[in-house]
Amino acid sequence: MQFEVWAPQAGRVTLHHEGATRALEHDPDRAGWWTGEAEARDGTRYGFAVDDGPVLPDPRSRRQPDGPDGLSAVVDHGAYAWRAEWPGLALPGAVLYELHVGTYTREGTLDAAAERLGHLAELGVTHVELMPLCPFPGRHGWGYEGVSLWAVHEPYGGPGALKRFVDRAHELGLGVVLDVVHNHLGPSGNHLPAFGPYFTDTHQTPWGAAVNLDAPGSDEVRAYLVGSALAWLRDYRIDGLRLDAVHALRDTRACHFLEELSTAVDSLAAELGRPLFLIGESDLNDPRLITPREEGGLGLHAQWNDDFHHALHAALTGDGQGYYADFARDPSAALAKTLTGGFFHDGTYSSFRGRSHGRPLDRTRVSAHRLLGYTQTHDQVGNRAQGDRLAASLSPGLLACAAALTLTAPFTPMLFMGEEWAAGTPWQFFTDHTDPELAEAVRRGRRREFAEHGWAEEDVPDPQDPATRERSCLDWSEPEPGSADGRHARVLAWYRELIALRRRQADLRDPDIAAVKAAYDERARWFAFRRGDVRVLVNLGKSAAAIPLGARHARVLAAWEPVEAPGADGVVHVPGESCVVLGQV
């Protein structure tokens with residue numbers, strides 16, 4: 001087997017494997033690369049030493065059996081016998097489900113999560129979006145402090161478990177999306193700087209020095225990240241990638257890294273003969289991110305749309321703090337603007353940023369499926385002081401309204417695990433740092449952050465306390481039939497009904513955002529919008545609302561509480577904290 005590593009500034013590189021040490025040689029065809037042959041098989045442990053320094057894991061390690069600081073292990077991807085014949089599943093028409101492996105089940109493994117995939121198939125979602133899986137120190141964490149960008153966190157089950165998970169998902173007709181982090185690596189277990197200029201002080205990010213995308217040596221760093229992305233899609237048969245915080249990718253080159261990545265992914269899709277896609281997380285509200293490359297864009301296939309979330313959250317809760325302030329001034333207007341225009345901040349003034357923000361979408365050219373819409377995400381729940389979900393403060397009726405607005409909107413809907421049954425468990429920020437100083441710094445930083453917003457220190461969960469993660473695990477007994485609290489089963493049935501309705505009604509899958517029409521009464525707290533022949537009416541107030549439909553002939557397709565079809569006056573009477581979806585007779 002050939003071993004190779006990029007170490008452009010090294011004078012000597014040695015391979016350590018099977019108890020032996022071997023000097024690698026310069027690759028004459030690739031500057032900065034060192035190569036050598038040695039016998040190896042699946043599971044063989046190895047590492048590299050640069051200039052007689054400590055033995056470190058391979059930057060392109062496919063497996064870290066003993067964690068980020070241990071030796072790497074060879075993975076024979078050809079050894080796994082795939083069961084599912086999988087043609088792929090494209091993004092248009094999708095319903096995504098964000099899932100954290102470590103808390104989806106109490107076991108916190110990929111195999112345990114795979115056993116629960118039948119629930120998602122019955123729910124009706126099309127794709128599972130896994131939060132990051134790269135190795136990080138300790139057992140439990142969100143995954144955004146990962147290192148070893150080609151490997152799978154061993155406590156989750158390692159590479160074999162991920163293949164079994166994807167295989168089972170595909171057998172059930174579910175696509176799999178993986179959240180990857182290219183904008184930084186974790187503060188512990190990151191050995192890349194010992195090998196080469198993977199980071200640069202040319203730019204600074206919230207995590208320190210930026211990943212080197214445009215300074216000397218950046219060609220190989222970009223190839224490292226692109227290669228990692230393609231490996232997930234090719235070797236694990238992943239269907240798409242969610243790219244974390246792409247606004248933090250500092251790149252001044254003429255061809256932006258994201259354009260290079262999207263080009264490579266599209267080429268791989270053509271080679272494999274199945275659709276692949278990239279979903280960016282961005283707070284820039286810049287349509288160029290999701291504009292095709294041939295039209296001057298970066299070519300990503302979709303992006304998260306926080307503006308829809310913020311407008312919906314403000315309308316549901318009345319929250320006007322921080323970045324919600326602009327949305328809370330007139331929540332119904334904000335919601336109408338996002339449903340009909342995509343972005344709320346499209347060049348308007350953002351009081352949170354103290355400047356104008358965003359750029360308008362061209363509604364005639366941008367398909368609405370390129371924007372993801374959601375009521376809750378790991379960020380919007382977990383970054384609250386106590387990780388409380390909407391179910392902790394809203395009635396089942398308001399949760400039903402939120403589901404109706406999300407699952408009938410023109411965007412690609414995404415759910416956060418447990419949302420579909422109004423889970424009573426929180427989802428809190430938890431870590432398992434093995435470095436005591438780092439653990440204490442994270443603990444103090446978390447409490448200091450929320451103290452500035454009036455929270456007492458003792459009310460902010462300790463991220464390092466194992467109980468914080470335990471509290472965040474889903475309770476699978478909640479949605480079971482006959483459960484003491486029947487609201488969970490009822491909310492779950494509503495989500496299933498809405499997802500099935502979206503699948504049946506072509507108008508609800510129409511990506512033409514310019515065709516969406518909205519009306520509202522902020523004082524009466526009702527909101528309505530139309531998509532083709534389908535109308536969605538939502539009453540967020542406690543009292544019944546008389547909503548003028550503008551049509552006499554309509555039938556009820558779905559309703560949270562019983563609702564009569566409109567009479568001769570075309571008015572629909574919607575009970576308080578309830579909603580209804582209507583179609584043409």
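At what angle do helix 7 and helix 9 pack, and how far apart are their axes? I started my notebook with that one.

**Entry 1: ground rules.** I am looking at a predicted model, where local features need pLDDT of at least 70, side-chain atom pairs count only at pLDDT 80 or more, and totals for chains, interfaces and linings use all residues. Residues are numbered from 1 along each chain as its sequence is written, and side-chain values use heavy atoms, with hydrogens and water left out. Helices (H or I, at least four residues) and strands (E, at least two) are DSSP runs, numbered from the N terminus.

**Entry 2: helix 7 with helix 9.** I found that helix 7 and helix 9 (residues 331-341) pack at about 155 degrees, their axes 8 Å apart. Axes here are lines fitted to C-alpha atoms, for helices over the stretch in contact, and angles run from 0 to 180 degrees between N-to-C directions.

I then listed who touches whom, with contact meaning heavy atoms within 4.5 Å. Helix 7 brings Asp307, Phe308, Ala311, Leu312, Ala314 and Ala315, and helix 9 answers with Pro331, Ala334, Leu335, Thr338 and Leu339. I sorted these contact residues into nine nonpolar, one polar and one charged. For that count, Ala, Val, Leu, Ile, Met, Phe, Trp, Tyr, Cys and Pro are nonpolar, Asp, Glu, Lys and Arg are charged, and the others, Gly among them, are polar.

**Entry 3: how covered is helix 9?** Nine of the 11 residues of helix 9 are buried, where buried means under 20% relative accessible area, exposed over 50%, and partly exposed in between (1.4 Å probe, protein chains only). Among the buried ones I noted Ser332, Ala336 and Gly341. The cover includes helix 7, helix 8 (325-328), helix 11, strand 20 (517-521) and strand 21 (526-531). Just after helix 9, I saw that Gly342 has a positive phi of about 90 degrees.

**Entry 4: helix 7 with helix 11.** Next I checked helix 7 (residues 306-317) against helix 11 (residues 396-407): their axes come within 11 Å and cross at roughly 155 degrees. Helix 7 and helix 11 are therefore roughly antiparallel, and their crossing is right-handed. Phe308, Leu312 and Leu316 of helix 7 meet Leu398, Ala402, Leu405 and Thr406 of helix 11. This contact has six nonpolar residues, one polar and no charged.

Entry 5: I followed eight strands around a closed barrel, 8-9-10-13-14-15-18-19, with parallel pairing; two strands pair if DSSP finds at least two bridges between them. Neighbouring strands are turned by 30 degrees against each other on average, direction ignored. Strand 13 (residues 240-243) runs parallel to strand 14 (residues 277-280), joined by four bridges, and Leu241 has Leu278 as its bridge partner in strand 14.

**Entry 6: two single residues.** Which is buried and which exposed, Gln9 or His17? Gln9, in the loop between strand 1 (2-6) and strand 2 (13-17), counts as exposed at 63% relative accessibility. His17 lies in strand 2 and is buried, with a relative accessible area of 12%. Leaving aside neighbours within four places in sequence, Gln9 is in contact with Asp51 and Pro197, and the contacts of His17 include Phe3, Glu39 and Arg45.

Definitions and conventions. Parallel < 35°, antiparallel > 145°, perpendicular 65-115°, else oblique. Left-handed = near helix turned anticlockwise from the far one by under 90°.
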